[in-house]
Amino acid sequence: MPSPRPWTVAAGGLAVVVRLTPRGGCDAIDGIEQCADGQCVLKARVRAAPTEGDANDALIALLAHAAGVPPRDVALVSGATARIKRLTIAGHGPTLAAALEKISGVG
């Protein structure tokens, strides 16, 4: 059964699955969505275009701000050129999860 949250507490932090919309008009987290395959994702959009990693950099900055950590603590693990991306956020997992729940409106 898929997780009801797009993040899981992992060793050293949090693993997050994000569906990114580049050129989305503003940098924002738009909540949680369940994809057709049942996977749960955090919906995010950024102003940056998907060229030369600009959208990925903007996503990292957005997630870092939402989680209250510096951008160096957020790493893109997979999906650099895909819409669905996997990232990790270094830190105390339960605290990071609580911050994302609050900002995504599911807390």
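Predicted model: local features only at pLDDT ≥ 70, side-chain atom pairs only at ≥ 80, totals over all residues.

**Entry 1: cysteines**

I looked up Cys 26 and got a relative accessible area of 25%, so Cys 26 is partly exposed. Cys 35 came out at 19%, which is under the 20% cut-off, so I log Cys 35 as buried.

Next I asked myself: how many disulfides are there? A disulfide is a covalent bond between the sulfur atoms of two cysteines. The rule I used wants a pair of cysteine sulfur atoms within 2.5 Å, and by that rule I count zero. For Cys 35 I can see why: the closest cysteine sulfur is the one in Cys 40, and at 8.0 Å that is too far for a bond.

Most residues other than glycine have a negative phi.

Arg 23 has a positive phi of about 55° and is not a glycine. I found Arg 23 in the loop between β2 (13-21) and β3 (28-34). With a relative accessibility of 59%, Arg 23 goes down as exposed.

Glu 52 is another non-glycine with a positive phi, about 50°. Glu 52 sits in the loop that links β4 (40-45) to α1 (54-67). Its relative accessible area is 80%, so I note Glu 52 as exposed.

**Entry 2: the whole chain**

I stepped back and listed the elements: the protein chain has two helices and six strands. Read from the N terminus, the order is β-β-β-β-α-β-β-α. The radius of gyration is 13 Å, close to the 13 Å from the globule rule for 107 residues, so the chain is as compact as a globular protein of that length. Along the principal axes, the C-alpha atoms fill a box of roughly 35 × 35 × 25 Å.

What share of the residues is buried? I get 37% of the 107. I also checked contacts with a separation of 6 or more, and 54% of them join residues 24 or more positions apart.

**Entry 3: surface and charge**

The protein chain exposes about 5700 Å², and carbon and sulfur atoms supply 54% of that. For charge I have 11 positive and 9 negative side chains in the chain. The centres of those two sets lie 4 Å apart.

Conventions:
Residues numbered from 1 in each chain as written. Heavy atoms only, no water. Helix = DSSP H or I, 4+ residues; strand = E, 2+ residues; numbered from the N terminus. Rg over C-alpha atoms; globule rule 2.2 N^0.38 Å. Buried < 20%, exposed > 50% of the residue type's maximum accessible area, 1.4 Å probe, protein only. Contact = heavy atoms within 4.5 Å. Areas by Shrake-Rupley, 256 points an atom, 1.4 Å probe, with all protein chains shown as cover. Lys, Arg positive; Asp, Glu negative; His and termini not counted. Charge placed at Lys NZ, Arg CZ, Asp CG, Glu CD.
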